[in-house]
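Hi,

Here is the structure I promised to pass on.

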Amino acid sequence: MNLANKLTMLRLFLIPVFMFFMFVKGPYNDFIAAGIFALAALTDKFDGYVARKFNQITNLGKFIDPLVDKIMVSSALVALVQMGRIQSWIVAVILAREFLITGIRTVAADKGIVIAASNYGKYKTTFQMIAVLALMVNNYPFSLINFPFDTVMIYIALILTIYSGVDYIIKSKNLLKD
């Protein structure tokens with residue numbers, strides 16, 4: 001397994017770690033959870049860089065990287081619903097898109113086609129991760145100036161989620177004809 005794929009697997013390993021800190025009561029656990037989530041998010045950017053720079057792009061990486069992103073963001077969003085920090089309908093829309101696109105990727109893989117993440121999908125993931133971080137820390141430090149940064153970021157992420165989902169569907173229409 002190459003370095004890029006190892007970084008993706010590290011991100012997968014970090015999911016239960018940040019989830020632990022999200023649910024265990026402690027004075028700084030929101031920030032610890034957010035720090036671990038941020039580290040995991042950085043591995044997402046770094047693994048892509050490593051894969052391109054050192055020609056380590058693999059079909060496994062094209063498949064597992066976006067899947068781990070979905071698991072990471074989805075886990076955090078579901079936890080944030082339970083904590084009352086985000087509305088469930090927003091998470092339902094995001095999860096529906098993620099399941100739909102994963103289904104399309106599965107159909108493609110069955111036909112020997114690997115669908116890599118689009119730029120819109122990458123922007124979507126970036127804004128989702130920023131929104132999750134803001135929600136994890138209760139919008140700190142923006143709460144000090146009464147600016148709803150977390151809300152702005154989640155709505156941008158939601159718009160990008162829907163747009164990138166439609167983009168994938170349109171680009172995959174020939175694949176879905178059967």
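**What turned up**

Phe-142, Phe-147 and Phe-149 come together as one aromatic cluster. Rings of Phe, Tyr and Trp (its six-membered ring) are taken as a pair if their centres lie within 6.5 Å; planes under 30 degrees apart are stacked, over 60 edge-to-face and the rest tilted.

Before I go on: this is a predicted model, where local features need pLDDT of at least 70 and side-chain atom pairs count only at pLDDT 80 or more, while totals for chains, interfaces and linings use all residues. Residues are numbered from 1 along each chain as its sequence is written, and side-chain values use heavy atoms, with hydrogens and water left out.

**More on the rings**

The count comes to seven aromatic pairs. Phe-46 and Tyr-49 have ring centres 6.3 Å apart and planes at 25°, so that pair is stacked. These two residues sit three apart in helix H2 (residues 29-53), separated by about one helical turn. (Helices here are DSSP runs of H or I with at least four residues, strands are E runs of at least two, and both are numbered from the N terminus.) As a reminder, an α-helix has 3.6 residues a turn, so residues three or four places apart point the same way. Phe-46 is partly exposed at 42% relative accessible area, and Tyr-49 is partly exposed too, at 41%. The cut-offs are under 20% relative accessible area for buried, over 50% for exposed, and partly exposed in between, with a 1.4 Å probe and protein chains only.

Tyr-120 and Tyr-163 make an edge-to-face pair, 4.8 Å centre to centre with 75° between the planes. Tyr-120 belongs to helix H5 (residues 119-136) and Tyr-163 to helix H6 (residues 149-171), so this pair ties together parts that are 43 residues apart in sequence. Tyr-120 is partly exposed, at 34%, and so is Tyr-163, at 46%.

**The loop between H5 and H6**

Have a look at the backbone here. A cis peptide bond joins Tyr-140 and Pro-141, with omega about 5°, and Pro-141 lies in the loop between H5 and H6. Asn-138 is in that loop as well; its phi is positive, near 55°, in a residue other than glycine. Asn-138 is partly exposed, with a relative accessible area of 43%. Asn-146 is also found in the loop between H5 and H6 and has a positive phi of about 60° although it is not a glycine. At 72% relative accessible area, Asn-146 is exposed. For background, most residues other than glycine have a negative phi, and most peptide bonds are trans.

Asp-150 lies in helix H6. Is Asp-150 buried or exposed? It counts as buried, at 13% relative accessibility. Leaving aside neighbours within four places in sequence, Asp-150 is in contact (heavy atoms within 4.5 Å) with Ala-134, Leu-135 and Asn-139.

**Helix H3**

The 24 residues of H3 should span 34 Å at 1.5 Å a residue, and the end C-alpha atoms are 35 Å apart, which agrees. (The expected span is 1.5 Å times one less than the number of residues.) Just after H3, Gly-84 takes a positive phi of about 80°.

On a 1 Å grid over the protein atoms alone, a cavity is a set of points where a 1.4 Å probe fits but cannot get out, and a pocket is an open set with protein on both sides within 12 Å along at least five of seven lines; lining residues have an atom within 4 Å of a point. Points are joined across faces, edges and corners, and a volume is the space filled by probe spheres set on them.

There is one cavity of 30 Å³ or more. Which residues line the largest cavity? They are Phe-63, Leu-67, Lys-70, Thr-102 and Arg-105. Helix H3 (59-82) and helix H4 (88-110) each give two or more residues to that lining, and H3 gives the most, with three.

The largest pocket holds about 570 Å³ of space. It is lined by 28 residues, and the closest to its centre are Gly-48, Arg-52, Asp-65, Ala-117 and Lys-122. The elements giving two or more residues to the pocket lining are helix H1 (3-23), H2, H3, H4 and H5. By class, the pocket lining has eight nonpolar, eight polar and twelve charged residues. (Ala, Val, Leu, Ile, Met, Phe, Trp, Tyr, Cys and Pro count as nonpolar, Asp, Glu, Lys and Arg as charged, and the others, Gly among them, as polar.)

Cheers
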